[in-house]
Amino acid sequence: MKSGPGTHQIRRADHVAISQFINPGELVLDVGCGDGQLMELLQVERQARARGLEVESAGVNRCVAKGLAVVQGDADHDLPVYPDNAYDAAVLSKTVQELARPKFVLGELARIARKVIVSFRNYGHWRVRAALLTTGRVPSLSSSSSDWWSDGARRPCSARDMADLAREVGLHITAIAAVGGGTGDHSSLTRLNWTAEELVFVMERGAAAGE
Amino acid sequence: MSSQALTLSGTDGLRRLSIASPDQPFQLDSGRRLDQVEIAYETWGKLSPTRDNVVIVCHALTLDQFAASPNPVTGRPAWWPTVVGPGRPVDTDRFYVICSNILGGCMGTTGPASKRPDGSFWGTDFPVITVADMVRAQIALLDGLEIKDVFLAVGGSIGGMQVLEWTIQAPDRVFAAIPIAVAARQSAQNIGFYEVGRQAIMADPNWKNGAYIAAGTRPDRGLAVARMAAHITYLSESALKRKFDRRLQDRTSKTFGFDADFQIESYLRHQGQIFVDRFDANSYLYITRAMDYFDIAADHAGQLANAFRGIKTRFCVFSFSSDWHYTPEEARDLVRALNAAGCETSYVSIDTDKGHDAFFVEEPEFEAAMTGFIDAAAEARGLAKRGSL
């Protein structure tokens, strides 16, 4: 769903960015786990216990054939049966912008896991803003294509949009990382919303102090 | 108690173990007891010195213990050579594989075709049994063989029901479980189809109220019809169309009679005929009845997840897209319950047009996923790696 065959040798940058927030021994649910690259990274390099949920059966089959614990299912429908606080972390790597019901899924993950980690393409990036202003066209954040209909997120959103959604479902941001760049906290949101093409949010339940 | 002392070997070449006696009767869910129970079983591979490499294969309705080698009684080949054998997903070079004929069966295990202690045949006086009873008998078999831990329990259809029952009855003994093409409860549709089969058997005048062995007759017609009806549910509409469609059997035009004009008729008649030679009609009644009674949630206050709560077994559930006997949706219900119970669960839905019986046929994706799950479980259990022996 997210990565084609032959790409599994290369560690995806957002996976590396996500993995720094996972501690050894943590039980992690990877929602939309594709063919399990992130799960493998978390198990091998972070000594985490990874579980996956994936809608495409081809990805599920590859995961299980690799020995990963993955369930074929749909995040938009199958999360309610997971018990409260069952996981240390739930991850949506480049998945949140593809969901039919992102608010529902994020809310469910907030219930299921102590921390929720999402990576997403930031459509608040200055180049997106500039391109829309000057050309009147929605630019692609992909280097391989410039067609809005062939690539990019199904639900384009900015860092600020994602922060608003997090608050809506009762999550607060504990850390932000620019994929391929440094990490920060909530105070770096405005800057990163201009400068980062891809972001990782780490969120926990409850309102942050001072929010 | 030495297991060897209890091992019986009949003139038929089947290996058996006695698991009950008048002093230690076998208690059934129905409340009745059996004073005499023999379990016929077969094994492949070598038991490791620490006895940690045991795989239980649970067979489906009409099969037997000969999963990986030919049946010496019927002469039929192994029924699961794609899955159980050297280098196969259930690798007999690494694992000690045990498959036993289910309670109520007719390949050496005590069932309605067996003799009572007084020498007469049980027939329909045999008590109605459940899937839980079958698994209780398998656990007794393992106790008799002085084996405690099961690394893996695997099986499809009613074999999958037994796998689920194993994890519920002996959660501390089963490390990994692969239920295939199964549901946590028998559907009304399946109960209906099996009732058609039972009625066909009982309508056969040779059935003699179940006492046909003593009467020297065989309800072959009824049993064949039962098999034909059930066999349709093991296939899929698209496979029927691909294999037969409306093609005629060895003729160029319709005969305007009731001979087997169509290939599908000829095929089903053949399936019915070869079945009656190897299966006991009363066994068919009892085993299908056990499937009808199967409903895990009903035994756990209506909550399927309750049955699996606290179970440490890791599961890998398989379903087949064109299976309408046990549908992918039913498998998904099971997976949801396993997730809700917090069990470590994988679920693989295989795209195929081969229907319920797909797990007997070579399906590369099915075998690859099963191998991956088993190898990962073996590594987690600390067992020898594939090809290292």
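Guide: A salt bridge is a side-chain nitrogen of Lys or Arg within 4 Å of a carboxyl oxygen of Asp or Glu. Keep that in mind as we look around, and remember that this is a predicted model.

Visitor: Okay, which residue of chain A does Arg336(B) form a salt bridge with?

Guide: Side chains of opposite charge can pair when their charged atoms come close. Here Arg336(B) pairs with Asp78(A), and the closest N and O atoms are 3.4 Å apart. Salt bridges that share partners also link up, and one such network joins Asp78(A), Glu329(B), Arg332(B), Asp333(B) and Arg336(B).

Visitor: How many salt bridges cross the interface of chain B and chain A?

Guide: The rule finds two across that interface. Eleven residue pairs, both at pLDDT 80 or more, are in polar contact there as well. On the side of chain B that touches chain A, α11 (328–340), β13 (345–350) and α12 (364–381) each supply at least two residues.

Visitor: And how much area is buried between chain B and chain A?

Guide: About 1,500 Å², with carbon and sulfur atoms giving 53% of that. The contact takes 20 residues from chain B and 16 residues from chain A.

Visitor: What about the rest of the structure: how many salt bridges does it hold over all chains?

Guide: It holds 39. Take Arg111(A) and Asp84(A), whose closest N and O atoms are 2.6 Å apart. Arg111(A) sits in helix α5 (residues 102–112) of chain A and Asp84(A) in the loop between α4 and β4, so this pair ties together parts that are 27 residues apart in sequence. Arg111(A) is partly exposed, at 22% relative accessible area.

Visitor: Which parts does the salt bridge of Lys103(A) and Glu168(A) tie together?

Guide: In that salt bridge the closest N and O atoms are 3.3 Å apart. Lys103(A) belongs to helix α5 of chain A and Glu168(A) to helix α7 of chain A, so parts 65 residues apart in sequence are tied together. Lys103(A) is partly exposed, with a relative accessible area of 44%, while Glu168(A) is exposed at 57%.

Visitor: Let's go back towards Arg111(A). Which residues does Asn85(A) touch?

Guide: Leaving out residues up to four places away in sequence, Asn85(A) touches Arg111(A), Ile112(A) and Arg205(A). You'll find Asn85(A) in the loop between α4 (75–78) and β4 (87–93) of chain A.

Visitor: Now a loop question. Is Ser158(A) buried or exposed?

Guide: We call a residue buried when its relative accessible area is under 20%. Ser158(A) has 11%, so Ser158(A) is buried. This residue lies in the loop between α6 and α7 of chain A, and its contacts beyond four places in sequence are Phe120(A), Asn122(A), Tyr123(A), Gly124(A) and Asn193(A).

Visitor: Is Trp149(A) buried or exposed?

Guide: Exposed is the word for over 50%, and Trp149(A) has a relative accessible area of 61%, so Trp149(A) is exposed. Trp149(A) is in the loop between α6 (126–135) and α7 (159–168) of chain A. Together with Leu132(A), Val138(A) and Trp148(A), Trp149(A) forms a nonpolar surface patch with about 530 Å² of accessible area.

Technical notes:
Residues are numbered from 1 along each chain as its sequence is written. Chains are lettered from A and ligands numbered from 1 in the order in which they are written. This is a predicted model: local features need pLDDT of at least 70, side-chain atom pairs count only at pLDDT 80 or more; totals for chains, interfaces and linings use all residues. Side-chain values use heavy atoms; hydrogens and water are left out. Patches are made of residues with over 30% relative accessible area and no salt bridge: like charges are joined within 9 Å, nonpolar side chains (Val, Leu, Ile, Met, Phe, Trp, Tyr) within 5 Å. Accessible areas come from the Shrake-Rupley method with a 1.4 Å probe; for residues, only the protein chains shown count as cover. Helices (H or I, at least four residues) and strands (E, at least two) are DSSP runs, numbered from the N terminus. Buried means under 20% relative accessible area, exposed over 50%, partly exposed in between (1.4 Å probe, protein chains only). Contact means heavy atoms within 4.5 Å. Buried area is the accessible area (1.4 Å probe) that two parts lose on being put together, summed over both. A polar contact is a pair of N or O atoms within 3.5 Å; within protein, one must be able to donate a hydrogen and the other to accept it, and residues adjacent in sequence count only if both atoms are side-chain atoms.
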